[in-house]
Amino acid sequence: MELLLFLILFPALMGFVFLIFPNTKARDAMVALAALVLIAATVIFFLQNYGAGTVLYEIEPGLVSTAMMAIEVVLALGILYLAAKYKQWIVAALAVIGTGVALYAETLFTGPEHLNNLFVDEFTLIMAVIIGVIGSLICIFATGYMRDYHDHHKEIKDKRQGFFFLLFVFLSAMFGVVFSNNIFWLFFFWEITTLCSFLLIGYAWDEQAQKNAFWALLLNLLGGLGFGATFLYLAFTDPAGDLVMLDSLIAAGPAVAMIPAALIGFAGLAKAAQMPFSSWLLGAMIAPTPVSALLHSSTMVKAGVYVIVRFAPIYDASFVGFLVALVGGFTFLLASGIAISQSNAKKVLAWSTIANLGLIVTCAGIGNAAAVWAAILLIVFHAIAKSLLFLCTGTVEHRIGSRDIEDMGGLVSILPKVTIMMIIGIAGMFLAPFGMLISKWAALRAFLETPYGIVAVILIAFGSAVTLFFWTKWMGKLLQVAWKPEPKREGEVSKPEFYSLLALAGGVVIICLGFPLLSSVVVEPFLEGIYGIGASLGDQNIAIMLMMMVVVFILPISLIFFRRNPKMIPHYVGGRMETGDMHFAGSMGIQRKVEMSNYYFEGIFGEAKLGRVGNILCTLFIACIGIVLATGVIA
């Protein structure tokens with residue numbers, strides 16, 4: 001248990017150290033050292049526990065719960081102060097209601113206090129590795145990136161002390177979310193992630209950053225009301241408080257746990273930025289890139305899908321689960337479509353993140369063993385590939401001064417190593433046999449075995465086709481060769497940035513090669529403990545995918561030899577004569593510049609058009625969940 005407590009407390013303690021340490025190279029070295037310690041502790045913790053099944057840890061709740069309540073009140077007062085200062089009255093009301101309801105509900109329980117407040121199982125271990133390893137690498141990357149960030153944005157006040165404090169508190173809170181068996185404790189850590197994300201999104205604290213930060217806070221506080229409603233429901237139906245423990249609640253089955261599963265699932269949908277809540281994650285793109293990577297890959301949104309997947313056995317073969325799956329399915333399809341219309345790389349990554357989270361939610365809503373197997377692997381593959389892509393985009397932006405995909409043409413000649421890493425990340429998102437495609441394949445198979453599965457199959461099939469389009473478009477732009485290649489600028493990338501990217505790129509490859517082991521050692525035992533059966537791909541399918549892997553790796557490896565005695569061929573411009581500076585004679589004899597650009601189909605896949613459709617549909621599905629539950633209670 002000592003190591004578990006270390007993972008929760010150590011990052012927070014180091015955060016306070018960074019808060020008082022000046023912005024020096026020594027502080028950055030301490031950040032890197034703390035991150036490495038956290039990685040090592042996480043790996044040791046995984047190795048110690050991976051075969052142990054579910055382990056419950058007894059902790060006296062009295063003093064700890066009291067401290068948590070006190071901190072919750074302080075945090076609520078802080079939000080109230082900021083909301084009043086910036087006239088965000090809805091935020092203020094949600095903070096008061098959420099905290100007030102949680103504190104009031106806690107006084108209604110009359111039974112003895114339960115001790116098993118923390119727990120570890122195989123799913124928790126996977127989440128811990130994602131948080132501890134990927135989150136720590138992002139922190140190391142941030143030491144180099146933030147120096148460049150302030151060199152490029154001298155108008156923004158340097159607040160790196162608070163920045164690294166928030167990053168590490170964020171990691172600490174995420175460990176708390178996944179280790180908490182007590183739902184009150186889970187809610188406490190949940191709210192800390194909400195507050196941290198608010199402050200990180202508002203880092204620049206200009207007008208736009210303030211607006212986006214408060215919007216993210218509002219939607220996440222709204223989702224947090226799902227926890228408050230759960231506490232009230234459990235207080236009136238189970239005053240003894242046995243069901244406050246997550247393991248007891250899920251073991252009680254759908255007849256008892258369906259309403260809490262739906263209410264906490266609502267909180268999860270908001271946190272995971274599913275439609276109609278997706279706008280907060282788009283607004284979060286204004287934050288420095290390490291924040292974007294942290295929110296999208298290893299923390300925050302992963303907390304949302306974590307709780308939904310945790311309740312998957314309750315959703316299994318239920319109409320509520322089907323409605324949850326529809327929210328995820330339509331989010332996946334429409335968010336993937338919107339990604340086509342984006343040329344801003346961070347927006348492409350944001351919409352594709354929302355889409356992939358939708359796919360995970362769909363799997364959780366279906367809820368059978370095979371779908372949950374796919375959901376967990378989707379979480380793993382998405383976390384590592386997407387963090388790599390976000391960080392690469394941040395590095396590229398500082399080198400070429402743009403995050404627009406159209407400006408990344410010829411990047412392979414300017415930043416060849418970083419480009420190879422980006423290609424590995426993009427390949428991991430859609431190419432066979434990388435992990436995301438394997439998981440989608442498994443999800444499709446799982447959906448076919450369920451009563452309403454054909455609807456999910458259609459949504460996933462069309463969504464995946466759209467995904468193929470925008471990833472291929474981006475990869476093609478990276479590999480485009482400029483007529484006059486620019487000099488390499490890779491030497492400008494700081495060592496913390498480069499080695500973090502290298503570790504993540506290696507991680508993508510290792511996870512893709514090692515997923516059968518991950519499945520058999522961790523995921524399948526978890527499913528057997530929940531469902532009594534395992535789920536995996538057949539040996540034949542795995543063998544085929546491994547053979548495909550060898551072929552696919554020829555692509556990035558071939559780039560190592562790029563530009564050795566290259567043969568440069570002029571662009572073909574419809575037979576017209578072309579000058580050396582990329583101009584040609586137009587139809588009226590006017591000299592025009594040769595321009596090459598992707599199609600974005602704004603009129604068909606535009607954010608406003610598809611976003612509006614998705615928000616309306618998903619709001620209706622969520623409303624239907626409420627009606628179904630209310631009808632069941634009244635009946």
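Helix α19 passes helix α22 in a left-handed crossing, meaning that the near helix is turned anticlockwise from the far one by less than a right angle (clockwise would be right-handed). This is a predicted model, so local features need pLDDT of at least 70 and side-chain atom pairs count only at pLDDT 80 or more, while totals for chains, interfaces and linings use all residues. Residues are numbered from 1 along each chain as its sequence is written, and side-chain values use heavy atoms, with hydrogens and water left out.

**How helices meet**

- Helices here are DSSP runs (H or I, at least four residues), numbered from the N terminus.
- The axes of α19 (residues 416-430) and α22 (residues 495-531) come within 10 Å and cross at roughly 35 degrees; axes are lines fitted to C-alpha atoms over the stretch in contact, with angles from 0 to 180 degrees between N-to-C directions.
- On the α19 side, Lys417, Met421 and Ile424 meet α22 residues including Phe498, Leu501 and Val509; contact means heavy atoms within 4.5 Å.
- Now for α8 (residues 207-237): α8 and α10 (residues 254-271) pack at an angle of about 165 degrees, with their axes 7 Å apart.
- That makes α8 roughly antiparallel to α10, a label for angles over 145 degrees.
- α8 also passes α10 in a left-handed crossing, and the residues in contact include Leu219, Gly223 and Phe227 of α8 and Val256, Ile259 and Leu263 of α10.

**Aromatic rings**

- Rings of Phe, Tyr and Trp (its six-membered ring) pair if their centres lie within 6.5 Å; planes under 30 degrees apart are stacked, over 60 edge-to-face and the rest tilted.
- By this rule there are 34 aromatic pairs.
- One of them is Phe46 with Tyr50, a stacked pair at 6.1 Å centre to centre and 15 degrees between the planes.
- Phe198 and Phe214 have ring centres 5.0 Å apart and planes at 55 degrees, so this pair is tilted.
- Phe198 sits in α7 (residues 183-201) and Phe214 in α8, 16 residues apart, and both are buried (under 20% relative accessible area; exposed is over 50%, partly exposed in between, with a 1.4 Å probe and protein chains only).
- Ring pairs also link Phe109, Phe184, Phe187, Trp190, Phe227 and Phe231 into a cluster.

**A buried threonine**

- Thr289 belongs to α12 (residues 289-298) and is buried, at a relative accessible area of 1%.
- Leaving aside neighbours within four places in sequence, Thr289 touches Tyr145, Lys346, Phe390, Leu391, Gly394 and Glu397.

Conventions: Helices (H or I, at least four residues) and strands (E, at least two) are DSSP runs, numbered from the N terminus. Angles under 35 degrees count as roughly parallel, over 145 as roughly antiparallel, 65 to 115 as roughly perpendicular and the rest as oblique.
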